[in-house]
Amino acid sequence: MSERRGGGGRRTVVRLEGVALCYRLAKQRHVSIKEFAIHWMKRALIYEKLWALRGVDLHVLAGERLGIIGRNGAGKSSLLKVVSGVLKPTEGRVETRGHLAPILELGTGFDYELTGLENIYLNALLLGRTRREIDERVADVVAFSELGDFIHSPIRNYSSGMIARLGFSIATAWVPDVLILDEVLAVGDAHFIAKSRQRLAELRAAGTALLLVSHDLDSVRETCDRCVWIDGGRVAAEGPTDEVVERYRAATAAEDAPPAAAAGR
Amino acid sequence: MSLNAVLRYRDLVLYLVLRDLKVRYRRSSIGFAWTMLQPLLSMLVLSLVFAHIFRFEIDNYAVYALAGLLFWNFFSQSIVTSMNSLRANAGLLTKLPVPKVVFPLSTVLAGLINLMLAMVPLFVILIVTGHPLRPSLLFLPVAIFVATLFTFGAGLLLAPLAAFFSDIVELVGVLLTLAMYMTPVFYPMDIIPESLRWAVRFNPLRSILEVFRDPIYYGKVPPVTHLAVAVGISLVAVAIGAFAFRRSSDRIAFYV
């Protein structure tokens, strides 16, 4: 991947070129061998394809904070899955540089029967940390999460806000090159949101790129320098956050006509 | 599925192995003892049926059968758990960029630890039945390594298939029964009619099993030719398994 491009010669940490992602519809999965054999012979008939992403180009520089907005089902989460390497694109190229810390869903990589402390280990191991690295940071994670004595009780007793706090504390305990958040901060309380903003600013200073999916347009505005609006699996608009958010607002308002202020849903 | 990625995630593999063992033993009240007891009880049943009712002409049948069973349990259980490992961890591998090979790898390693535990009663039986303890037993780690390689290879080949088609798990269950009867796990080679013996002789599982059983039962290091064949088979199995897993690894997250 090239080192060039962008202000101050910052390097590219995420590059997508012509990315398309195709899901085969649910009835195609979990097929039995018999079904498969039948379908295989008349393959063309049964592969009903759903293109979640089409022709997406994207560059993200170190330290950049990119907001990703769009309606439900527009392809935002698929985009994050492709960037984080969970799904391989059907077409196009994805290159990322350095360590990724994705939180694609609240509570991913947690075992609800284990305590918060045990989950710090499990989750960080799943993010590719070694036990030794975790030993060094576990106290910081506990402190940042502000879970107090709850850290010793199974997380099935946690509220969703507490789980979000723990997940965020783990993913940001090390400085990742790319931090990927899918709507996971929305459940936090005001205090923790302020605190996580603070941490995001620190990470940015250290060079972490942030990819943030959110329906909370004001929070995208406050957090992100640049924004991508995804519609129908394609990039509908890209540019400075204020501009893109305005265009997106205008478009949704026009579509939802009479009851106007259905902000961004 | 690069080797580097697996090395990076080595502590995760260790964690998954320990979790596998804990889950396996938490549910039973006598815990780890069960791993040792189960093959012993199977051996008693086999001894009763084959040494006393069908009267196999084989000295110290208990040791012969137990050694066979230990290998077979390790192989078949590891295959089945490998096949289930991707679906069982679907929630993780569709949300996190974890190298998928850690799941079948950790199940085979957990099976290996179970095999080690099950070796304890084998040694007790060796001593109790007065079976000669020869230096050839020192060869066992090599034999176990060969068996593990072969099993891991087979698991790598079958795990993605099981993720794509859930029927494969049932099918392989039946095939494993067939394979067990085609492998001299609990019977001696010479009871097989001459005309059918080739089917058993060319069974790759037999080569792996004999490399494992020779040092225990016959008290000898396997002949170099046998060992070379078994090592060759294991390497081929791992190569095919790694190739198949690598080819299909990108599609797994779409199917589990």
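In this predicted model, helix 6 of chain B passes helix 7 of chain B in a right-handed crossing, where right-handed means that the near helix is turned clockwise from the far one by less than a right angle, and left-handed that it is turned anticlockwise. Helices (H or I, at least four residues) and strands (E, at least two) are DSSP runs, numbered from the N terminus. Because the model is predicted, local features need pLDDT of at least 70 and side-chain atom pairs count only at pLDDT 80 or more, while totals for chains, interfaces and linings use all residues. Residues are numbered from 1 along each chain as its sequence is written, and chains are lettered from A and ligands numbered from 1 in the order in which they are written.

**The helix pair in chain B**

- The axes of helix 6 (residues 102–128) and helix 7 (residues 140–164) of chain B come within 10 Å and cross at roughly 145°, with axes fitted to C-alpha atoms, for helices over the stretch in contact, and angles running from 0 to 180 degrees between N-to-C directions.
- From helix 6 of chain B, B:Pro104, B:Leu105, B:Val108, B:Leu112 and B:Leu115 meet residues of helix 7 of chain B that include B:Ile144, B:Phe152, B:Gly155 and B:Ala159; two residues are in contact if their C-beta atoms, placed from the backbone, lie within 7 Å.
- By class, this contact of helix 6 with helix 7 of chain B has 9 nonpolar, 3 polar and no charged residues, where Ala, Val, Leu, Ile, Met, Phe, Trp, Tyr, Cys and Pro count as nonpolar, Asp, Glu, Lys and Arg as charged, and the others, Gly among them, as polar.

**Chain B as a whole**

- Chain B has 11 helices and 0 strands.
- A compact globule of 256 residues would have a radius of gyration near 18 Å, and the 19 Å of chain B agrees with this; the radius is taken over C-alpha atoms, and the globule rule is 2.2 Å times the number of residues to the power 0.38.
- Of the 256 residues of chain B, 39% count as buried, that is, with 20 or more other C-beta atoms within 10 Å of their own, whereas 12 or fewer make a residue exposed and counts in between partly exposed.

**Sheet and loop in chain A**

- Chain A has 9 helices and 9 strands, and buried residues make up 41% of its 265 residues.
- An open sheet of 3 strands in chain A has the order 2-1-4 with antiparallel pairing, and strand 2 (49–61) and strand 4 are its edge strands; strands pair if DSSP finds at least two bridges between them.
- Strand 1 (residues 12–24) and strand 4 of chain A are joined by 5 bridges, and A:Arg15 stands opposite A:Glu95 in strand 4 of chain A.
- Helix 3 (residues 76–84) of chain A packs on the sheet, touching strand 1, strand 2 and strand 4 of chain A.
- A:Arg97 lies in the loop between strand 4 (91–96) and strand 5 of chain A, and counts as partly exposed because it has 17 C-beta neighbours inside 10 Å.
- The C-alpha atoms of A:Arg97 and A:Thr12 are separated by 7.8 Å, although these residues are 85 residues apart along the chain.

**Where the chains meet**

- In the contact between the chains, 24 residues of chain A touch 18 residues of chain B.
- Helix 4 (116–126) of chain A is one of the elements that supply at least two residues, and helix 4 gives the most to this side of chain A, with 3 residues.
- By class, the side of chain A that touches chain B has 12 nonpolar, 8 polar and 4 charged residues.
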